[in-house]
Amino acid sequence: MDDYLWRDKSAPVSALRAILKEHFLPFDRVAIIGGMVRDLARAGKRGFKSDVDLVVDAPVEDVKKLAIDLNATPNRFGGYCYKTSRWKIDFWALRTTWAYTEGHASLDKIEDVTHCTFFDWDSVIYDLKRRHIVCCDDYLERIKGKTIEVCLRPTPSVNGNLLRAVRRIILWDLEPGPLLHAFIDENLTDHNFQEIAKLDRTVYTWPLIAKFECAERLRRHVCTPERRAELGTEYARQLSLPGFSRKHVVA
């Protein structure tokens with residue numbers, strides 16, 4: 001994380017560094033959560049393809065003022081979305097974290113936000129000013145073990161996390177833990193299948209759900225390692241084709 005954020009001289013990372021220094025580092029506590037940290041842990045710099053999520057431990061009004069200054073747009077989970085030509089950055093005040101406002105978790109300090117993510121692989125933050133990682137002691141072992149699990153079950157986006165779960169399991173060749181397996185079994189219905197297939201086509205460059213005829217076949221595929229590996233190989237082949245965009249391939 002240090003090398004990527006503070007020493008990488010590529011134009012995109014230099015632009016991100018400038019944004020962080022100008023707009024976010026003036027806050028005392030601000031951290032990158034989930035995506036970037038997870039992807040660097042999972043596959044190094046080449047594995048990072050997602051947007052940047054920031055949580056700011058500051059008064060709600062101060063974060064709102066920053067959003068106004070940046071002309072950032074509110075999102076449906078109490079935060080803001082700031083877009084540049086190179087980056088999409090979602091940020092929110094610590095006390096507007098959905099799990100906290102809905103009473104599912106307590107938040108006394110920025111480190112506590114690691115208990116508020118749906119996936120355990122996303123339960124990691126990088127403190128920007130102190131330049132250190134906060135996660136559970138066995139975080140890297142979980143990544144290496146290739147089993148993904150639920151951290152906090154309540155979620156404001158069942159279909160969104162259902163789609164993320166299916167895509168991550170298939171594309172990263174993972175095993176769902178018991179809680180995630182139960183979540184998929186409970187929510188991957190024929191009705192939801194159509195909804196997540198539509199969401200898949202809307203959000204991602206390379207849709208997956210349309211390859212399956214029904215929820216039952218998708219559930220079987222997610223739970224069968226050999227079938228997941230087969231589709232993962234096809235995904236890797238697609239990435240190598242000229243002109244294929246990696247943007248928003250995975251969430």
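Which residues of the largest nonpolar core touch the most other members? The legends below take up this question and others. The model is predicted; local features need pLDDT of at least 70 and side-chain atom pairs count only at pLDDT 80 or more, while totals for chains, interfaces and linings use all residues. Residues are numbered from 1 along each chain as its sequence is written, and side-chain values use heavy atoms, with hydrogens and water left out.

**View 1. The whole protein.** The secondary structure comes to eleven helices and nine strands (DSSP runs numbered from the N terminus: helices are H or I, at least four residues; strands are E, at least two). Of the 251 residues, 50% count as buried (under 20% relative accessible area; exposed is over 50% and partly exposed in between, with a 1.4 Å probe and protein chains only). Among contacts between residues at least 6 apart in sequence, 66% join residues at least 24 apart (contact means heavy atoms within 4.5 Å).

**View 2. The nonpolar cores.** A nonpolar core is a set of buried Ala, Val, Leu, Ile, Met, Phe, Trp, Tyr and Cys residues joined through side-chain atoms within 4.5 Å. In the largest one, which has 65 residues, those that touch the most other members are Leu5, Phe24, Leu54, Phe91, Leu128, Leu180 and Leu218. Helix H7 (residues 158–171) gives the largest share of this core, seven residues. A second, separate core has 14 residues, among them Leu94, Ala99, Val113 and Leu152. In soluble globular proteins, nonpolar side chains tend to be buried together.

**View 3. Surroundings of leucine 128.** Neighbours within four places in sequence are left aside here. Leucine 128 is then in contact with Leu5, Trp6, Leu20, Leu25, Val30, Ala31, Ile32 and Leu54.

**View 4. Helix H2 and its buried side.** H2 (residues 11–24) has 14 residues and reaches 19 Å from its first C-alpha to its last, close to the 20 Å expected (1.5 Å times one less than the number of residues). Its buried residues are Val13, Leu16, Arg17, Ile19, Leu20, His23 and Phe24. They cover an arc of only 165° around the axis, which puts them on the same side of H2 (the arc is that of the directions from the helix axis to the C-beta atoms).

**View 5. Helix H7 against helix H9.** The axes of H7 and H9 (residues 190–203) come within 10 Å and cross at roughly 75° (axes are lines fitted to C-alpha atoms, for helices over the stretch in contact, with angles from 0 to 180 degrees between N-to-C directions). That makes H7 roughly perpendicular to H9 (65 to 115 degrees; under 35 is roughly parallel, over 145 roughly antiparallel and the rest oblique). On H7 the contact is made by Val158, Asn159, Gly160, Leu162, Leu163 and Arg167, and on H9 by Asn192, Glu195, Ile196, Leu199 and Asp200. H7 is mostly covered, with eleven of its 14 residues buried. After H7 comes aspartate 173, whose phi is positive, near 55°.

**View 6. Aspartate 122 in a loop.** This residue lies between helix H5 (98–101) and strand S6 (125–127). Aspartate 122 counts as buried because its relative accessibility is 13%. Not counting residues up to four places away in sequence, aspartate 122 touches Ile33, Gly34, Arg38, Thr117 and Arg168.

**View 7. Lysine 64 in helix H4.** Lysine 64 is placed in H4 (residues 60–70). With a relative accessible area of 38%, lysine 64 is partly exposed. Its C-alpha atom is separated by 8.3 Å from that of alanine 93, 29 residues apart along the chain.
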